[in-house]
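Subject: Structure handover

Hello,

Here is the structure I said I would pass on. My notes on what was found in it follow below.

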Amino acid sequence: MKNFTFYNPVKILFGKGQIARLAAEIPVTARILLTYGGGSIKANGVYDQVKAALAGHTVFEFGGIEPNPHLETLLKAVEVVRAENIDFLLAVGGGSVADGTKFIAAAARFEADPWDILAKQAPITAAVPLGTVLTLPATGSEMNGTAVVTRAATREKLYFGSPLVMPVFSVLDPETTFSLPPKQIGNGIVDAFTHVAEQYLTYPVGAPLQDRMAEAILKTLIEEGPKTLANPTDYAARANFMWCATMALNGMIGAGVPHDWATHTIGHELTALHGIDHGRTLAIVLPSVLTLKRDSKRAKLLQYAEWVWGITTGTEEERIDAAIGRTRAFFESVGVPTRLGDYGVPTETIPLIVERLENRGAVALGEHGDIDPAAVDKVLALSV
Ligand code: NZQ
Ligand code: ZN
């Protein structure tokens with residue numbers, strides 16, 4: 001196992017009715033900015049629950065954070081934070097609202113150009129404390145210190161991370177997710193699945209506990225995902241899916257093991273250029289990364305085939321093919337197409353992505369740093 005530092009102070013309030021406990025988590029003297037997206041929280045009653053819980057607090061509001069949150073929008077919220085002396089941010093929504101709020105938290109205490117936080121990975125030395133009320137299980141943002149932000153003007157989608165933007169707490173009430181359309185559930189299942197894959201399908205380092213935890217999350221997603229899609233108000237299935245998504249990217253399974261993240265890096269380009277939902281980009285890219293890197297990932301792919309899919313017969317090549325095939329079929333079964341053509345992406349996009357990554361210096365992706373521009377080209381060609 002590799003050396004690691006593990007730090008996760010995020011307090012999770014999980015389950016039905018937990019929004020009512022918000023007041024006790026935020027100082028009564030706080031000047032809160034409630035951030036949200038395009039209005040789903042007003043339609044499904046979550047906004048009313050939050051307002052009722054915070055009736056005794058001072059609450060300002062900033063709505064309109066779009067999916068794949070835009071720098072341009074978030075900077076307007078930074079102005080509100082400064083003008084109103086906001087000292088606590090409460091993100092209510094999906095990963096985009098949580099991520100956007102993390103950026104607002106850091107940018108509001110940042111002296112230089114906030115774009116540097118993303119483009120130059122400028123160190124964060126202070127941030128406004130934040131909490132989240134999560135309404136979409138997918139990203140894991142509710143229990144990590146990462147955020148992904150898009151500069152709409154240049155169609156650049158970049159991430160930053162800092163322990164200072166880890167939420168103080170996150171409320172996870174599965175009932176707040178009952179209003180999600182099936183498309184977002186499918187996206188969330190694929191996103192959580194791929195978070196695990198990027199930390200598990202690399203090479204063995206003698207870390208069986210992390211492996212067993214990763215396999216447990218994958219198997220639970222495979223079992224509970226179809227159930228929660230078929231019956232959106234099945235509380236048990238939704239609760240299990242929600243906790244899987246959180247556990248997939250809160251640092252636990254990734255401690256002490258190699259990480260890949262090539263699929264995410266390439267996927268972000270597809271979102272930036274074609275507006276494809278994050279989870280859907282991963283369904284397009286992951287099977288191709290596994291196919292191209294089958295030799296360097298061989299031991300883990302065989303382990304995955306056996307422990308996750310129960311594939312024990314056939315040659316090594318046949319077992320790997322079967323495992324990748326089952327992965328693709330699972331994504332398709334939860335309503336997420338896996339080919340570029342399914343989204344109308346022309347092949348001309350492929351060299352454009354290769355060039356954009358190259359220009360940004362993203363030329364050594366994957367756990368071995370061997371996914372260079374030529375390999376990115378091959379990955380995308382396999383996704384046509
Ligand atoms: O904006 P509103 O009206 O709230 O509607 C949203 C949005 O249209 C809607 N929605 C959310 N909760 C709902 C709901 N609709 C009905 N009922 C509910 N309960 O769903 C739509 C999509 O929301 P969004 O927040 O964009 O989705 P998601 O949670 O998948 O977040 C995607 C973003 O997270 C980033 C992605 O890149 C993308 O920008 N990621 C963040 C990560 C992290 N912080 O660690 C890791 C991930 O790999 C990912 O990159
Ligand atoms: Zn993701």
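I will start with one ion pair. Glu 61 and Lys 51 form a salt bridge, and their closest N and O atoms are 2.9 Å apart. Glu 61 belongs to strand S3 (residues 58–62) and Lys 51 to helix H3 (residues 46–53), so this pair ties together parts that are ten residues apart in sequence. With a relative accessibility of 30%, Glu 61 counts as partly exposed; Lys 51, at 31%, also counts as partly exposed. Please keep in mind throughout that this is a predicted model.

Other salt bridges

The count of salt bridges comes to 19. One of them joins Lys 120 to Asp 116, with the closest N and O atoms 3.8 Å apart. Lys 120 has 60% relative accessibility and therefore counts as exposed, whereas Asp 116, at 16%, counts as buried because the limit for that is under 20%.

Arg 298 pairs with Glu 317, and here the closest N and O atoms are 2.7 Å apart. Glu 317 counts as partly exposed, at 35% relative accessibility. The pair is also part of a network: salt bridges with shared partners join Arg 294, Asp 295, Arg 298, Glu 316, Glu 317 and Asp 321.

Two domains

The domain assignment divides the protein into domain 1 (11–176) and domain 2 (182–382). Their centres, taken over C-alpha atoms, are 26 Å apart. In the contact between them, 24 residues of domain 1 meet 22 residues of domain 2. About 2,000 Å² is buried between domain 1 and domain 2, and 65% of that is on carbon and sulfur atoms. On the domain 1 side, Pro 137, Arg 155 and Lys 157 lose the most area to domain 2, and together they make up 30% of what that side buries. How many salt bridges cross the interface of domain 1 and domain 2? The rule finds zero.

The zinc site

Which residues coordinate the zinc ion (ligand 2)? They are Asp 191 through OD, and His 195, His 264 and His 278, each through NE2, at 2.0 to 2.1 Å. Along the chain, the donors of this zinc ion follow the spacing D-x3-H-x68-H-x13-H. His 195 lies in helix H7 (residues 182–200) and His 278 in helix H11 (residues 278–292), so these two tie together parts that are 83 residues apart in sequence. His 195 and His 278 are both buried.

Nonpolar cores

The largest nonpolar core has 41 residues, and those that touch the most other members are Phe 193, Val 196, Tyr 200, Ile 217, Tyr 304, Trp 309 and Phe 330. At least two residues of this core come from each of H7, helix H8 (208–230), helix H9 (235–248), H11, helix H12 (298–309) and helix H13 (316–333). H7 is the main contributor to this core, giving eight residues. Leaving aside residues up to four places away in sequence, Ile 217 touches Val 196, Cys 244, Met 247, Ala 248 and Ile 253.

There is a second, separate core of 32 residues, and Ala 77, Ala 127, Ala 147 and Val 149 are among its members. Ala 127 is located in the loop between helix H6 (115–119) and strand S5 (130–134). With residues up to four places away in sequence left out, Ala 127 touches Ala 105, Ala 106, Arg 109, Leu 164 and Val 165. Ala 127 and Phe 88 are 39 residues apart in sequence, while their C-alpha atoms are 9.8 Å apart in space.

One buried threonine

Is Thr 35 buried or exposed? Thr 35 has 0% relative accessibility, so it counts as buried. Thr 35 is part of strand S2 (residues 31–36). Not counting residues up to four places away in sequence, Thr 35 touches Phe 62, Ile 65, Leu 90, Ala 91, Val 92, Val 97, Thr 101 and Ile 104.

Regards

Definitions and conventions. Residues are numbered from 1 along each chain as its sequence is written. Chains are lettered from A and ligands numbered from 1 in the order in which they are written. This is a predicted model: local features need pLDDT of at least 70, side-chain atom pairs count only at pLDDT 80 or more; totals for chains, interfaces and linings use all residues. Side-chain values use heavy atoms; hydrogens and water are left out. Donors are N, O and S atoms within 2.8 Å of the metal (3.2 Å for Na, K and Ca); water is not among the atoms, so sites may look incomplete. Helices (H or I, at least four residues) and strands (E, at least two) are DSSP runs, numbered from the N terminus. Buried means under 20% relative accessible area, exposed over 50%, partly exposed in between (1.4 Å probe, protein chains only). A nonpolar core is a set of buried Ala, Val, Leu, Ile, Met, Phe, Trp, Tyr and Cys residues joined through side-chain atoms within 4.5 Å. Contact means heavy atoms within 4.5 Å. Domain bounds come from an automatic or database domain assignment. Buried area is the accessible area (1.4 Å probe) that two parts lose on being put together, summed over both. A salt bridge is a side-chain nitrogen of Lys or Arg within 4 Å of a carboxyl oxygen of Asp or Glu.
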